[in-house]
Amino acid sequence: MLENRVTSAVESIPREPEKHSGTWEAGPWTPDSHVTIFLLCQDVSPIDVSRSLTSIFTSSIQNLTICCISTDAMSMEAVQSWTRSDSRVKYLPSVPQQLPATGFLLVLRAGCILTPFSLAALMEVSRLPDVTVVRTVIEGIRGSLELWDCVWLNAQPKRSMAEHDARRLGFERWTSAEGAGIHAVDSPEPRVFFRRGAADRHVLEIIAFDASSKNYMDRKQNEINSLKREIVLLRKSAGSPGMKQSSFFWRVAMKIRNRIRQR
């Protein structure tokens, strides 16, 4: 997962130890806040790289530096020729050893498509209290997309522990990729009517469990099967005229259906 995690990719950079409190207050967001993008292009076709770049070029935020990272320089020649006139785009064989001192750092894999307001949506989430990293998972894309507060990231004495510390201190937030309009190149654009300023609606509470535990997985499967049986019984009962007239019945049925979808 080295190529997917900025915390792993930059862990070798030494930093002076600093004290950490239980809160973090980020600086004020402005339209001029600079965003450095690490676009991970390894093992991604040039056409998918160009599609990701095109979506970034149409972003409502254009104060950018884009680092296309790939050890296969030959596969990137066509894309590099295409972007030669744009000084914001750089091509590197590995993650830079020095991170930007301020602004934001966005790490994503080539093959992701952003809408014009996706980056603004992620930055809106990052302005919520005590948030230093915003993360999301895109269906069809390996790894996670991450937006880091560079000031906080640079202040960490051990880069390898940045992810762990952000999670331990409660500074990590997960958000819905679909809610921000982010999707893979071979997936349809999410039908989300996003407007800037509503990004906090898509912040998710993530609870991680050990999927390797057979007892846990069996227990969850039994819960799902039990809910499915309830749905079958409710559908059978729905045949009676009296039940069809009951709005309460349908509210119960919808609640059970939603519980199944959340499993």
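1. The structure holds eight salt bridges, a salt bridge being a side-chain nitrogen of Lys or Arg within 4 Å of a carboxyl oxygen of Asp or Glu. This is a predicted model, in which local features need pLDDT of at least 70 and side-chain atom pairs count only at pLDDT 80 or more, while totals for chains, interfaces and linings use all residues. Residues are numbered from 1 along each chain as its sequence is written, and side-chain values use heavy atoms, with hydrogens and water left out.

2. One network of salt bridges links R135, E146, E163, R167 and E172.

3. E146 and R135 form a salt bridge whose closest N and O atoms are 2.9 Å apart. E146 belongs to strand 7 (residues 145–149) and R135 to strand 6 (residues 133–136), so this pair ties together parts that are 11 residues apart in sequence. Helices (H or I, at least four residues) and strands (E, at least two) are DSSP runs, numbered from the N terminus. E146 is buried, with a relative accessible area of 1%, and R135 is also buried, at 2%. The cut-offs are under 20% relative accessible area for buried, over 50% for exposed and in between for partly exposed (1.4 Å probe, protein chains only).

4. R135 also forms a salt bridge with E163, with 2.7 Å between the closest N and O atoms. Here R135 in strand 6 is paired with E163 in helix 6 (residues 162–168), so the bridge ties together parts that are 28 residues apart in sequence. Both of these residues are buried, E163 having a relative accessibility of 13%.

5. E163 meets R167 in a salt bridge as well (3.2 Å, N to O). The two residues are four apart in helix 6, which means a separation of about one helical turn. R167 is partly exposed, with a relative accessible area of 44%.

6. On confidence: pLDDT is the predictor's confidence in each residue, from 0 to 100. The chain averages 77, and 70% of the residues score at least 70. Among the elements of the chain, strand 1 (residues 35–40) has the highest mean pLDDT (96) and helix 1 (residues 6–9) the lowest (38).

7. Over residues 1–29 pLDDT stays under 50, and the model has 75 contacts beyond four places in sequence for them; contact means heavy atoms within 4.5 Å. Residues 196–200 also stay under 50, with 10 such contacts. Where pLDDT is low, the predicted coordinates should not be read in detail.
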